[in-house]
Amino acid sequence: MVVGCVTVAALVFSFAYVTQNNRNMQKLKTKYPWLSVIILFMASYFLLRLFASIIVFMFGIALPITAILLHACLRMRNMKNKINSKIEFIGVKRTPMGLFLEAIGMEEESGS
């Protein structure tokens with residue numbers, strides 16, 4: 001909603017600026033006032049549809065991918081983690097997920 005208000009306000013202000021500084025636009029605006037309203041409505045509709053598509057892409061696709069990549073970059077892969085993975089692979093220490101998979105009859109994936 002904020003994006004829509006900002007978009008319409010920017011269009012109105014830019015249209016007012018253009019019509020004040022351009023003699024031909026002033027004549028058009030005074031001769032056909034309804035045409036300026038139609039131009040504003042059409043430009044607003046086009047830009048709001050464009051911004052809606054961009055916002056859907058940003059929050060629906062780009063944000064989750066960014067979160068996944070950020071998590072992968074900041075994940076701590078130290079020696080303790082590698083030793084624990086090998087211990088779990090051998091079977092000396094059982095994890096809660098390993099116990100759950102065993103209880104439902106699935107096999108635990110082997111670590112690398």
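What is the accessible surface of the chain, and what share of it belongs to carbon and sulfur atoms? The accessible surface comes to about 9,700 Å², with 71% belonging to carbon and sulfur atoms; areas were computed by the Shrake-Rupley method with a 1.4 Å probe, and for residues only the protein chains shown count as cover. The model is predicted: local features need pLDDT of at least 70 and side-chain atom pairs count only at pLDDT 80 or more, while totals for chains, interfaces and linings use all residues. Residues are numbered from 1 along each chain as its sequence is written, and side-chain values use heavy atoms, with hydrogens and water left out.

The secondary structure consists of 5 helices and 0 strands, in the order α-α-α-α-α along the sequence. Helices (H or I, at least four residues) and strands (E, at least two) are DSSP runs numbered from the N terminus. The chain is more spread out than a compact globule, because its radius of gyration is 30 Å, well over the 13 Å that the globule rule gives for 112 residues. The radius is taken over C-alpha atoms, and the rule is 2.2 Å times the number of residues to the power 0.38. The C-alpha trace spans about 85 × 30 × 20 Å along its principal axes.

Of the 112 residues, 9% are buried (buried is under 20% relative accessible area, exposed over 50%, partly exposed in between, with a 1.4 Å probe and protein chains only). Among contacts (heavy atoms within 4.5 Å) with a separation of 6 or more, 47% join residues 24 or more positions apart.

Helix α2 (residues 23-31) is hardly covered, with 0 buried residues among its 9. Its N-terminal end is capped by Asn22, a side-chain oxygen of which lies 3.2 Å from the backbone nitrogen of Asn24.

Helix α3 covers residues 33-74 and includes Ser44. Ser44 counts as buried, because its relative accessibility is 10%. The side chain of Ser44 reaches the backbone oxygen of Leu40 at 2.8 Å. Leaving aside residues up to four places away in sequence, Ser44 touches Val8 and Leu11. Arg49 also lies in helix α3, but Arg49 is exposed, with a relative accessible area of 53%. From Arg49 to Arg75 the separation is 26 residues in sequence and 38 Å in space, C-alpha to C-alpha.

Conventions. Polar contact = N/O pair within 3.5 Å; in protein donor to acceptor, adjacent residues only side chain to side chain.
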